[in-house]
Amino acid sequence: MSATDVLVVADHRRGELRPVSYELLTAGRELADALGGDLHATVVGGDVERFAERLDCEGVDAVHTVAEGEEFNHDVTTAAVTALFEALDLGAVVMPNSVNGLDYAPAVATRLSLPLVTDAVALDYDDGLTVTREMYGSKVETAIAVAEEPVALTIRGGEWPAAEGVGDAEISSFEVDIDDSSIRSTVRGFEEVGAGDVDISEAEFIVSVGRGIEEEENLELVEELADALDATLAASRPIVDNGWLPKNRQVGQSGKVVTPTVYLALGISGAVQHVAGMKGADTIIAVNTDPDAPIFDIADYGIVGDLFEVVPELIDRFE
Amino acid sequence: MKILVTVKEVAEVADDFEIEGLEIPETYLEYDLNEWDDYAVEAAVRIAEDRDEEVEVVAVTIGPERSEETIRMALAKGVDRAVRVWDDALTETDVLDPTITARILAAVAEREAPDLVLSGVQAADDGFGATGVALADLLDVGWAAVVNDLELADGEAAVRRELEGGVEELTTVDLPAVLTIQTGINEPRYASLRGIRQAQRKDLAVHTLADLALDPSVVDDALTLAGVAKPESESDATLFEGGPEETAAELETVLRDAGVGAE
């Protein structure tokens, strides 16, 4: 009989639990139900007492607090999750597919010799676990069957609903013996980036440009359109990576979250990281040559076509 | 100083493609150096160029013979030599647990004993985003994931980690270490003609799993590909059809209704 309990690891930063923590509880509960076991949650570092109370949502059986440090440190988190795994009898440990989650989840898997599947968007359990995830930048969905338990998983944010309600979890402190020599990294601080001439998160109308613009000199065309529409120019990651526009213009997971009245996406495929930053716009309009581009999944209006043909026409109409 | 860069040749899928069983036929695939690894290669080559001491940059990849073309591009950009791992056992795997990928790379890294390992944050094809950190843990060295700025000094690396929401974490990591490199950290160079010529003469060693003292059963992981599908389109977008003139006119109406151009 294999182990049936599930452990989820909360994500926190600068004094707050991140939303994916509550989504982890939902995914973890789902998996624990399928396995027929209990749901454990843990939070490592920060204000663990306060975090534990928040994590005690409906369906959570136990919360283990590890009071080690104020901020996330991957060496500490890896040691804590590994020790918890050994103390509990787990069928799965489920972690966030966040930047910090991916900074310790692989080490947890190697240290415990667990199979690892990252960035899960769905979990199915029927005579064994099958994880749904995406490949080729969301163009393909794959189902991966995991033959062994226990397993280490990371889940994508925004795919499971947040856990709600108040549970009656047993909250207890978990002591971890952390060897100082195993701490090889130190967090020195944080910095907000992307300050500058404009705050795109305040913009009412946004013209946003992606890889489809092809060349830096073509940016002039969309700048002209933004002027004609009295809109603010923004961009997806590749444009900023190329240094064509400054970081403060970047929309997405690692950039800004924008909520304009109109978001006009030009030559943007709509990778999940980009969508995370603009799905809250009132009206989303996409122009893209690829009819299967994921941007059309969230667009209200779309043109399957060449932005170099559509944009000049549009400029004419607003000038 | 020695820097090891892990690189991968990745497949890119054409806009219009079909799936046959659990595979995408070769006609729809194009192969290239993984974008993230291109930045990692550039970061390594810049360190080699900027430091007074001798720096050797070695690229390691797991891939079939076809991938040598891609690896030569890394050599053309300034990598000194390359190691390619391939094995019959690997041709039979459909999806490889990233911790197993890391185990194979670790066998190479243990032989090379680098001072620094640079990996891309993730591969553009399978997107596990886990190999670099798993590799660090297997090597029992420090690491930092999603690095978009990097400075080396006195046995440590001062890095910036790109967190979500425009926040960067400033972290120092003891060396040796594995850093996973984010896109945008630098501007990867194009290979020069001279570089491409030189690359043909650079050493590209090929190892099987046995050469690395790994049992072929190392690739018998718990993961099996059980399904491949195009995600169902959830689009309920109103699509404007016709030439640019007509579609732009429709778009104008939507924009004006939303208040654009109202002064």
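A residue is called buried when its relative accessible area is under 20%, exposed when that area is over 50%, and partly exposed in between.

The model under discussion is predicted. For the complex, the predictor reports an ipTM of 0.94 together with a pTM of 0.93. Chain B has a mean pLDDT of 95, and 100% of its residues reach 70 or more.

Side chains of opposite charge can pair when their charged atoms come close. Over all chains, the count of salt bridges comes to 35. One of them joins A:Arg14 to A:Glu192, whose closest N and O atoms are 3.1 Å apart. A:Arg14 is situated in the loop between strand E2 (12-13) and strand E3 (16-17) of chain A, whereas A:Glu192 belongs to strand E13 (residues 185-192) of chain A; the pair therefore ties together parts that are 178 residues apart in sequence. With a relative accessibility of 38%, A:Arg14 counts as partly exposed, while A:Glu192, at 53%, counts as exposed.

A further salt bridge, in chain B, links the side chains of B:Glu68 and B:Arg84 at 3.0 Å, N to O. Because B:Glu68 lies in helix H2 (residues 68-76) of chain B and B:Arg84 in strand E5 (residues 81-85) of chain B, this pair ties together parts that are 16 residues apart in sequence. B:Arg84 has a relative accessible area of 6%, so this residue is buried.

Charge pairing also extends into a network: salt bridges link A:Asp11, A:Arg13, A:Arg18 and B:Glu164.

Which residues form the negative surface patch? Among its members are A:Glu214, A:Glu215, A:Glu216 and A:Glu217, as well as A:Asp316, A:Glu319 and, from the other chain letter, B:Glu187. The patch also includes A:Glu220, A:Glu223, A:Glu224, A:Asp227 and A:Asp230. Helix H5 (residues 219-229) of chain A makes the greatest contribution to the negative patch, with 4 residues. A:Asp230 is placed in the loop between H5 and strand E15 (232-235) of chain A. This residue has a relative accessible area of 62%, and A:Asp230 is therefore exposed.

Methods:
Residues numbered from 1 in each chain as written. Chains lettered and ligands numbered in written order. Predicted model: local features only at pLDDT ≥ 70, side-chain atom pairs only at ≥ 80, totals over all residues. Heavy atoms only, no water. Patch = residues over 30% accessible without salt bridge, like charges linked within 9 Å, V, L, I, M, F, W, Y side chains within 5 Å. Areas by Shrake-Rupley, 256 points an atom, 1.4 Å probe, with all protein chains shown as cover. Salt bridge = Lys/Arg side-chain N within 4 Å of Asp/Glu carboxyl O. Lys, Arg positive; Asp, Glu negative; His and termini not counted. Charge placed at Lys NZ, Arg CZ, Asp CG, Glu CD. Helix = DSSP H or I, 4+ residues; strand = E, 2+ residues; numbered from the N terminus. Buried < 20%, exposed > 50% of the residue type's maximum accessible area, 1.4 Å probe, protein only. pLDDT = per-residue confidence, 0-100.
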